[in-house]
Amino acid sequence: MVAPAAPVLYRRRWMPLVGASAAAPGAAIILLLVLVAALAPVIAPHDPNATDLANTLVGSTGSHPLGTDASGRDILSRLIFGARTSLLGPLLVVALSTLAGVPLGLLAGYKGGAVDGLLARAWDVLFAFPPLLLAIVIVATFGAGFWTATLAISVIYLPLLARVVRGVVLVEREKAYVDACKVQGFGGLRVSLQHVLPNVAPTIVAQATLNFGYALLDLAGLAFLGLGVQPPTADWGQMLSSGRDTLVLHSYYEVVAASIAIAVTVVAFNLLGDALSARAGRSR
Amino acid sequence: MLAFILRRLAGAIPLLLVTSFIVFSFLHLAPGSPEQILLGGKNVDPETLQAIRDRYRLDDPFFVQYWTWLRHAVSGNLGESIIFRDSVVSVVGPRVVPTIELAAYALLLIIGFGLALGILAGIKRRTLTDTAASGIMLVGSSISTYVSGILLITVFSVALRWFPVFGLGNGGFDRVYHLTLPAIALAIALTALVARTMRASLGQTLAQEYVETARSRGFSERRVIGKHALRNALVPVITITGLVFGFLISGAVLVEYTFGLNGLGALLIQGVRTKDFAVVQAITLLFTVAFILINLGVDLLYALVDPRVRLSAKGA
């Protein structure tokens, strides 16, 4: 009996935990969240920014199911509208890091040699910073806000994705079909884009799904620190920050609502991402 | 082994230079002139402005500026804090201790609970215990430090009043008491990461031939796992130590801010908000250098545990 080959690290780390059946609830929650974000103006009972200083920090009532915050704004409406900024940020991070990371990962994995070495050095430098710290310095330099925070977090996720892509391309380029393409005289660009890329796409999608959840945590974290989305924009990280200030007054609704929203969303993306990477791993 | 250590040290030095160069150059990347950035947008008299220009050698070429800054930094001079009106070293210095205490406390929890949970799930694979443990790991790794921190404050500090809401307390036992919730908040996600890695690694190790051999020789399961499998299964866990420290540093920033602890992380955020650029630069440099040195240490430890690493690294 031959000992099974040690799998690549990225796959081991995201071991399927609850099985592929977990993809369905994950996807369902994500779909629901996207619907809530898209239909926010329709389903939100109040204007998320309408203050009502006569009714601050009230508990659950008929008109305010989750109560109001320190400015008398409806927490449920802010939660619903907050889904927009809270999901848009990670979406941009995933789009930017994929657009830049996939070509660079393909290039490094397929070409190898000096290009690969140079990119590896560049990633080493980016990985030498503790993850969130680099983003914090970038925000400190260019000023707090949604766009700076989104770009800063993208810088962190770019090398992560590029490295994963490089890893799978390295395995893929040794396969017979790549040789077959080369024998037919196809150029490197055509082989890598038309033949290798579709075969590594499932892994990219799985990794991007997992990154979405983590990017959401990072962006909400920056907003919580006051370095991301700025008030009065409704955002889950921002709600945690303002809710924390009213905790001592024993008003829990805002903090608990935002925490649950963040946690449920990230669990959903992790469930779907784990299931997708398990599927991507099986198919190769 | 000595050659391996020297090679790794030689690799770390350029990394330290490049990262410190990046940290330095943020001063010039920021919109506005460097002296304005250093002054946090405050108006000062011409003499002070000239003092800043001299201090940072702003009239010299870029690389001379960097080299001067680096030389000062290495000799423990990190400039002046514009907010505290004191040298950065005396502002930052006292904040190091609470951060290290918090990180050490959290690390203890991560290693203890992470390994225990991972081993339990790895041994009892595909049972109810495994599913439950895996569920805890999934939720744990999905909850960031600040979310768990705020929920812990809500439940245990505000509602139940078992723990203090904010602050560091007065040394000794009181300090441990004050740091307990922050350390738990910091540890949850990383405990899940360590447990997931341990579970996967133990599962792979238990499928190896030598484990079968040990079993077939009639060794008890306790002996097979405890004496043979566990030691080898720990090797992949060492590889993620660097990752754990990276998240420990980032997480400490969020946790200190959440719990109002006067450590480096809280000072960093305060520095960013008050545009105290020299302080931000110093703390970033400190965290990054610490992170690079920890990773270097992990590499060396890894090579010590697994001889294949230092042998195969020769070719690389």
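I counted secondary structure in chain B first: 15 helices and two strands. Here helices (H or I, at least four residues) and strands (E, at least two) are DSSP runs, numbered from the N terminus. The model is predicted: local features need pLDDT of at least 70, side-chain atom pairs count only at pLDDT 80 or more, and totals for chains, interfaces and linings use all residues. Residues are numbered from 1 along each chain as its sequence is written, while chains are lettered from A and ligands numbered from 1 in the order in which they are written.

Next I looked up extent. The C-alpha trace of chain B spans about 85 × 60 × 35 Å along its principal axes.

Then burial. I called a residue buried if 20 or more other C-beta atoms, placed from the backbone, lie within 10 Å of its own. Of the 316 residues in chain B, 40% are buried.

I turned to helix H1 (residues 2–29) of chain B. Which residues of H1(B) are buried? I found B:Thr19, B:Ser20, B:Val23 and B:Leu27. Residues three or four places apart in an α-helix point the same way, because there are 3.6 residues a turn.

Last, the contact between chains. Two residues are in contact if their C-beta atoms, placed from the backbone, lie within 7 Å. Chain B gives 45 residues and chain A gives 43 residues. On the side of chain B that touches chain A, H1 and H14 are among the elements giving two or more residues.

Key. Buried ≥ 20, exposed ≤ 12 C-beta atoms within 10 Å, placed from the backbone.
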